[in-house]
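This report describes selected local and packing features of a predicted model. The sequence and structure are shown first, and the description follows.

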Amino acid sequence: MKEMKKSGYETLIETMVEDPRLKRMDQFIQHGNVTTLDHVKSVARMSLAVNERLGLNGDPRVLVRGGLLHDYYLYDWHHYDGGRFHGFTHPAAALKQAEQDFDLSDREKNVIRSHMWPLTLLHVPDCREAWIVSLSDKLVSLHETLRRRR
Ligand SMILES: [Fe+2]
Ligand SMILES: [Fe+2]
């Protein structure tokens, strides 16, 4: 039963990334040679794994949707402001884009808006899904950054 559930959310990831709106994230580089689309897929998967391994009882659907949309800002951040303020500014940009294109729950909005906390001091994760995605984003970003320095 547990296994079936897991593959069900994996299927949700695969279905969602076929959406042409979401697919636009494959045009932008996140870290090194990792596209933003690859990055958000890894974060969605990591969020499901963290949730399950630590028994955190997060809603897997919110983890997948929030995880896939957390960096939905759709521009090349390396050229935007020289990337200097990207860490501070992109959660709001991602939320604005995601709200335009998708019907989001309050928890999904919080996942996106707070994922850079504590950098964005005033936007604190206020549900367990937001904490899980925020942690998973940091783990995946660390891995993507260190892997290319090997
Ligand atoms: Fe981000
Ligand atoms: Fe991210």
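Tyrosine 72 is buried, because 24 other C-beta atoms lie within 10 Å of its own, and the cut-off for a buried residue is 20 or more. This tyrosine is placed in the loop between H4 and H5. When neighbours within four places in sequence are left aside, the contacts of tyrosine 72 are Met25, Ala94, Gln97 and Ala98. Between tyrosine 72 and valine 124 the separation is 52 residues in sequence and 19 Å in space, C-alpha to C-alpha.

The loop between H4 and helix H5 (86-101) also holds leucine 74. Although leucine 74 is not a glycine, its phi is positive, at about 60 degrees. Leucine 74 counts as partly exposed, because it has 17 C-beta neighbours inside 10 Å.

## Helix H4

H4 is largely enclosed by the rest of the structure, because eight of its ten residues are buried. Those buried residues are Val62, Leu63, Val64, Arg65, Gly66, Gly67, Leu68 and Leu69.

Buried positions in H3 are Thr36, His39, Val40, Lys41, Ser42, Val43, Ala44, Met46, Ser47, Leu48 and Asn51.

After H3 comes glycine 55, with a positive phi near 60 degrees. Asparagine 57, in the loop between helix H3 (36-53) and helix H4 (60-69), likewise has a positive phi, of about 60 degrees, although it is not a glycine. Asparagine 57 counts as exposed, because its C-beta neighbours inside 10 Å number 10.

## Helix H7

Within H7, the buried residues are Glu129, Ala130, Trp131, Ile132, Val133, Ser134, Ser136, Asp137 and Val140. The elements that cover these buried residues include H3, H4 and H6.

## Packing of H3 against H7

The geometry of two packed helices is described by the angle between their axes and the distance between those axes. For H3 and H7 the angle is about 125 degrees and the axes are 8 Å apart. The two helices, H3 and H7, are therefore oblique to each other, since the angle lies between the roughly perpendicular range of 65 to 115 degrees and the roughly antiparallel range over 145. The crossing of H3 with H7 is right-handed.

On the H3 side, the residues in contact are His39, Ser42, Val43, Met46, Ser47, Val50 and Asn51; on the H7 side they are Ile132, Val133, Leu135, Ser136, Asp137, Leu139, Val140 and Glu144. By class, the residues of this contact comprise eight nonpolar, five polar and two charged.

Which form does the peptide bond from tryptophan 117 to proline 118 take, cis or trans? This bond is cis, with omega near 15 degrees. Proline 118 belongs to the loop between helix H6 (106-114) and helix H7 (128-147).

Key. Residues are numbered from 1 along each chain as its sequence is written. Chains are lettered from A and ligands numbered from 1 in the order in which they are written. This is a predicted model: local features need pLDDT of at least 70, side-chain atom pairs count only at pLDDT 80 or more; totals for chains, interfaces and linings use all residues. Helices (H or I, at least four residues) and strands (E, at least two) are DSSP runs, numbered from the N terminus. A residue is buried if 20 or more other C-beta atoms lie within 10 Å of its own, exposed if 12 or fewer, and partly exposed in between; C-beta atoms are placed from the backbone. Axes are lines fitted to C-alpha atoms, for helices over the stretch in contact, and angles run from 0 to 180 degrees between N-to-C directions. Angles under 35 degrees count as roughly parallel, over 145 as roughly antiparallel, 65 to 115 as roughly perpendicular and the rest as oblique. A crossing is left-handed if the near helix is turned anticlockwise from the far one by less than a right angle, and right-handed if clockwise. Two residues are in contact if their C-beta atoms, placed from the backbone, lie within 7 Å. Ala, Val, Leu, Ile, Met, Phe, Trp, Tyr, Cys and Pro count as nonpolar, Asp, Glu, Lys and Arg as charged, and the others, Gly among them, as polar.
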